[in-house]
Each structure stands twice: as structure tokens, then as C-alpha cells.
Amino acid sequence: MTSHSLVPQPPALSLPVAQMRSVFHPGDVERKLARLQEAGSQRDYENLRTVYERMLERGPERFQVKPSGVPDMAGLYEQLPNFTEVLDDVKRHVALAQDSRDGLEVTPMLLLGPPGIGKTHFARHLAELLGTGMNLVPMSSMTAGWLLSGASSQWKGARPGKVFEALVEGEYANPVIVVDEIDKAAGDAQYDPLGALYGLLEHDTAQSFTDEFADVAIDASQVIWITTANDERGIPDPILNRMNVFEVLAPTLEQARAIALRLYQGIRGEHGWGRHFDPDPAPDVLDLLARMPPREMRRALMTGFGNARLEQRGQIEPADLPSSAGVRKPRIGFTQ
């Protein structure tokens, strides 16, 4: 799985395949498929039959990867200065997995903080650092609990859940799965969107996670879970207790200027038209960018590059940025 990063990448890491891991037992799938064939109703279970055949075609083996050593994370500390505590925790887990055949086991984490400070962006960087894939599950748009764990094949339009898709259709036994805005999960007493997480966030029970559509045990114990939230009050205590909670503050003004500078340099370096622009932006442009949430900086810079190019200039001026540049929503704020 590839992803587009907003800032320059850290130096390439040696990421050997530590081992292959089976995420399901083919015999279980074969037995389920045989029962479908005995049932005889081709139309009623066509989608389920297709899923079983796909599982057997792909096989159960998936890559379980980890860095070959404790990686040099200096670049990430610079790119994500307000995530220092989280990066420290990741580094400890990586160190534990070295010099053994143990897989990388990362305690599920909750990134708690205001919108726009880079929580999802951090998750993409983590997946790149560890050499695995990333899957995003936006809970704000989730209206039924079965989207994580699948819906019974007896329901019309049913399909496997996101966890099943990540492990069976993906390449890795230990993907990063991001449950975004977990505090905004919607549901009712019958369908709890967070219900599947009670078992998935526990290492032992996750080894035999059963998707309700496929009804086949899947090993989800190696999944690296990252959840994000603006407010922890909407998250049930039993789920909070299963995670390491990190409060991520908005970057300081100095940190935000550093983020904006690296982003400018990254955009300039990854595009051919970047050669028309100065290596560094003007200080007043950095000042305006630093007052924006990090996720809005890229859009503002692309607008600025385009406006400057229209004027045949090699440097972005403050007027080239969107009119809202530097206007930060009150709930974001700066830390002092």
C-alpha cells in the first residue's frame, strides 16, 4: 500500500520480512465452502462463496514485518514535534522486538487532541516507519457496528468488516489500523460501532477474531491499533483502559514554523516546477503558515505556489496565500 506524504520522507530503512504469519486456517474455509455447496442455493450465498474462494486463492500467509534495528527517528521528531511522547513509546516497542523472532507488539494507542494537528498524518508516518500498510476507519461516518466486524451473510447487502478486509485482502499480518474520531461513533443499543473493539484491542482474544460475514476465525492479534479523538468523554471506560492515552497538543509557534518550513521544502522538492522557487520561504510567509492547523498548511502552500507562478515570481508572498491564512480557529490555539 502506498501513501502520499505531506513532508519529506526519512532515510530509507532496512525492513526485512521477519517472518510469514498465517492469518486464518484454510481448513476452516474449506469446510465452510463445502457446506455452502451442499446447501445448493447458489444465489443466496454467492457473495459468501466468492469470499471463501478468494481466501483460498490468496492463501493464509501474510508478511509480518518490523525494522531490522531501532531506526533513526530524528527526522520524525523534527517533522512531528508535538508527537514526541508518542514517538518515544513507539521506539520502546521497536527496541523490545529486536534480536528475536518476536513480532512487533505495540500497545493500542489513543491520540487525544484538537482537530487538524496531524493525528492521522502521524499514523501514516508510523506505517511507513514500520514498513507495513495503513487502513483508515472513519468513525464519524460509521452508523452501524458491523462495519468493523462484518454483518451476517443472511442480511441483504452484507459484506465483511474492515478488519477482515485489512488482513485477508491486504499484504500484512500487522497492518496499522486507524480508528479515526472514535469519540464520534454513532449507533444504538442494537448495533454498537465500538462493540468489536472490546475483543480486538485485547491480544489474546484478537487471535481468534471472527468476522460475522465470513464466520471464520482471523488472527488480528498483530494489528497495530491507533485511535484518534477530540474528547475522551465519549469513549467507554473499558475501551480507554485497553489503550495508552496520549494528549497531543497543538504545536507551539516555533514548532509550527519548523513544520511549515519542512513542508515548503518537501513540496518544492517533489515537483519539477519547484526549481522555479527559492529554496526557503520568506519569514513573513512562515509566520502566516505557522498560525494555521498543520493539515491546512499544504493547501495554503499549493495556493501560494500557484499564485506566485501566475505572477512569474520565484518566491511566495503573503498575499499569495488564501485570505484565511493565519486565521486559526479558537479551539486550536497555540501552546505556550
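**Exercise 1. Aromatic pairs**

How many aromatic pairs does the structure hold? Classify the pair F83 and F122.

*Solution.* The model is a predicted one. It holds 6 aromatic pairs.

Step 1: take the geometry. The rings of F83 and F122 lie 5.0 Å apart, centre to centre, with 5 degrees between the planes. Planes under 30 degrees apart count as stacked. The pair is stacked.

Step 2: place the residues. F83 sits in the loop between helix 3 and helix 4, and F122 in helix 5. The pair therefore ties together parts that are 39 residues apart in sequence.

Step 3: check burial, for which the cut-off is under 20% relative accessible area. F83 has 0%, so F83 is buried. F122 is at 1% and also counts as buried.

**Exercise 2. A second ring pair**

Is the pair F277 and F305 stacked or edge-to-face? Which parts does the pair tie together?

*Solution.* Step 1: the ring centres of F277 and F305 are 4.8 Å apart, and the planes meet at 75 degrees. Planes over 60 degrees apart count as edge-to-face, so this pair is edge-to-face.

Step 1: F277 belongs to the loop between helix 11 and helix 12, whereas F305 belongs to helix 13. These parts are 28 residues apart in sequence.

Step 2: F277 counts as buried at 4% relative accessibility. F305 does so at 2%.

Step 3: widen the view. Ring pairs join F277 and F305 with Y264 and W273 in a cluster.

**Exercise 3. Helix 4**

Step 1: list the buried residues. They are V86, L87, D89, V90, H93 and V94.

Step 2: identify the partners. The buried residues pack against helix 3, strand 3, helix 5 and strand 9.

**Exercise 4. Nonpolar cores**

How many residues has the largest nonpolar core, and which have the most contacts inside it?

*Solution.* Step 1: this core has 43 residues. Y52, M55, I182, L197 and W225 have the most contacts inside it.

Step 1: find the suppliers. Among the elements that give at least two residues each are helix 1, helix 2, strand 5 and strand 8. Helix 7 gives the most, with 5 residues.

Step 2: zoom in on Y52. Its contacts beyond four places in sequence are V29, K32, L33, L36, A214 and V216.

Step 3: look elsewhere. A second, separate core of 29 residues includes L80, V90, V94 and A97.

Key
Residues numbered from 1 in each chain as written. Predicted model: local features only at pLDDT ≥ 70, side-chain atom pairs only at ≥ 80, totals over all residues. Heavy atoms only, no water. Buried < 20%, exposed > 50% of the residue type's maximum accessible area, 1.4 Å probe, protein only. Helix = DSSP H or I, 4+ residues; strand = E, 2+ residues; numbered from the N terminus. Contact = heavy atoms within 4.5 Å. Phe/Tyr/Trp six-rings, centres within 6.5 Å; stacked < 30°, edge-to-face > 60°. Core = buried A, V, L, I, M, F, W, Y, C linked by side-chain atoms within 4.5 Å.
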